[in-house]
Amino acid sequence: MDRIEVQDLNVYFDDLHVLKDVNLNIKNNMVTALIGPSGCGKSTFIRTLNRMNDLIDTFHKTGTVLLDEEDIYDPKVDVVDLRKRVGMVFQKPNPFPKSIFDNVAYGLQIHGITDKRMLKEKVEESLKAAALWDEVKNKLDKSAMGLSGGQQQRLCIARTIAVEPEVILMDEPCSALDPISTTKIEDLIHRLKRDYTIIIVTHNMQQATRVSKCTAFFLNGEIIESGSTDKIFIEPCDQRTEDYITGRFG
Amino acid sequence: MNRIISPKNAQKIMKTIFWASGILAILILLVIIGYIIIKGLPVMSLEFIFGEPIDSGRSGGIFPMIVSSIYVTLVAVLVATPLGVGAAIYLAEYAGENNLVRAIRFGTETLASIPSIIFGLFGLSFFVIFLGMGWSVLSGALTLAIMALPTILATAEVSIESVNKSYGEGSLALGATKWQTVYRVVLPAALPGITTGVILGMGRAVAEAAAILYTVGAALSIPISLFDPARPLPLHLYMLATEGISLENAYGTAAVLVILILLITIISNSLVDRYSKKMMGR
């Protein structure tokens, strides 16, 4: 089943044509990797999926983005509700300058959960799901800013899954992390894909092959090739895909 | 190539110059504070601090003036802070960049550079006479509030703008509304900076004589109601000195004022420090 269907998407910032006729279907409960050289539009693409691009005045687009067969750019759609359904983990870990507990509880509180016991349960559950609980359970009231980069990124994942999204967008979530933290995040992605549809932008080819089932290759704002990760990395159809994954450019 | 001074020596010379500038700045401050306190010390006593003035302040204490100063300043800050922070939130988070915003910014910058005596004159004609508030704590406080407003606004705006943009993005991506993001993520992160601005504004208000000269009256008794006239410390000091009432007591008053300002600064700095440390986990 397709969770997200992107049809003929064109994105512009003022006159700058950033995404060109992008068509991509994202399958349910599966990890889809987006690869391609810097500046090719991968981040812009995933920011279109939770409408974070709306924050930029010059953004406009044509084409449709369907989430569960519903156009997310329909005027009836509440952006706030959409972003609850489509969570996002950023390139640089960005925990709030609050306690570890409050970081995870924040998303729940803004969506109306105030019951203390319920908050505690949910926070613990999310931290466990993000494989961070054992490391922080004794310092939940300490600032999240005191955690290591890898821990901060897992905290951001915990914060995202606390609000129970359907889709999680990850924009190069490991690019600021050391190899050990990267492994932990990748293990986590493997466990999360059972419950969530995950789209991950990565510059790391090995990472794409390790974590994803499907891959889309972006170049200059276009999708050159998309399909099963195995196929793209073993026998790509397009010469440009082959050149990129073998490291001839990018 | 022939250099007059080698880079290594230039480095040494410049370092010395910067070091000297720093030391000079501290020295000037210490000399002024030290001079005031030494000159004021002889008249400082519990009676002076907690007593009522006798014979227009020729003798007796300055307790009503201390109360007046705190009263007027607090009211001024209570008025100016919500206004200044509110406007700062609008400018930093909602307004974007347009002509209205540029006009507001130009307005506040100009307001900040207007001589305080002009605020006093405005306060006299607007609050005291036009609005009929008379010479009172309220008239003085409102005049001071207008004066402190640009300081609070400008500092608050800068601190809100300098909050890491990724915090706001993280909050919005969780499905928070703009207001939830501002109120629960951005403002707490900007709080140390905003507080510093409020303290600066407070410092300006508590030390001001000219702006309240025509607005607060000159009563020698403790003000109770907002409509009572009062005589804050700087005004008392001004009167003691210019009317030649008592130079010794003027220095005593000055010393109390300086100590009051030092106390406000030290206490608030340590609170801000503690909050920042807790927030950033250091």
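**Exercise 1. Find which residue of β4(A) is the bridge partner of V6(A), then describe how the strands pair.**

Step 1: In β4(A), V6(A) has V65(A) as its bridge partner. A strand here is a DSSP run of E with at least two residues, numbered from the N terminus.

Step 2: Strand β1 (residues 2–13) of chain A and strand β4 (residues 59–67) of chain A run antiparallel and are joined by eight bridges. Two strands count as paired if DSSP finds at least two bridges between them.

Before going on, note that this is a predicted model, where local features need pLDDT of at least 70, side-chain atom pairs count only at pLDDT 80 or more, and totals for chains, interfaces and linings use all residues. Residues are numbered from 1 along each chain as its sequence is written, while chains are lettered from A and ligands numbered from 1 in the order in which they are written.

**Exercise 2. Follow β4(A) into its hairpin with β5(A).**

Step 1: β4(A) pairs with strand β5 (residues 70–71) of chain A in the antiparallel sense, over two bridges.

Step 2: L66(A) has D71(A), in β5(A), as its bridge partner.

Step 3: Two residues lie between the strands of this hairpin, and D68(A) takes a positive phi near 50 degrees.

**Exercise 3. Work out which strands stand at the edges of the open sheet.**

Step 1: Write down the strand order in chain A: β6-β7-β8-β3-β9-β10, six strands with mixed pairing.

Step 2: β6 (86–89) and β10 (222–228) of chain A are at the edges; each has a single partner strand, so one side of each has no neighbour in the sheet.

How values were computed: Helices (H or I, at least four residues) and strands (E, at least two) are DSSP runs, numbered from the N terminus.
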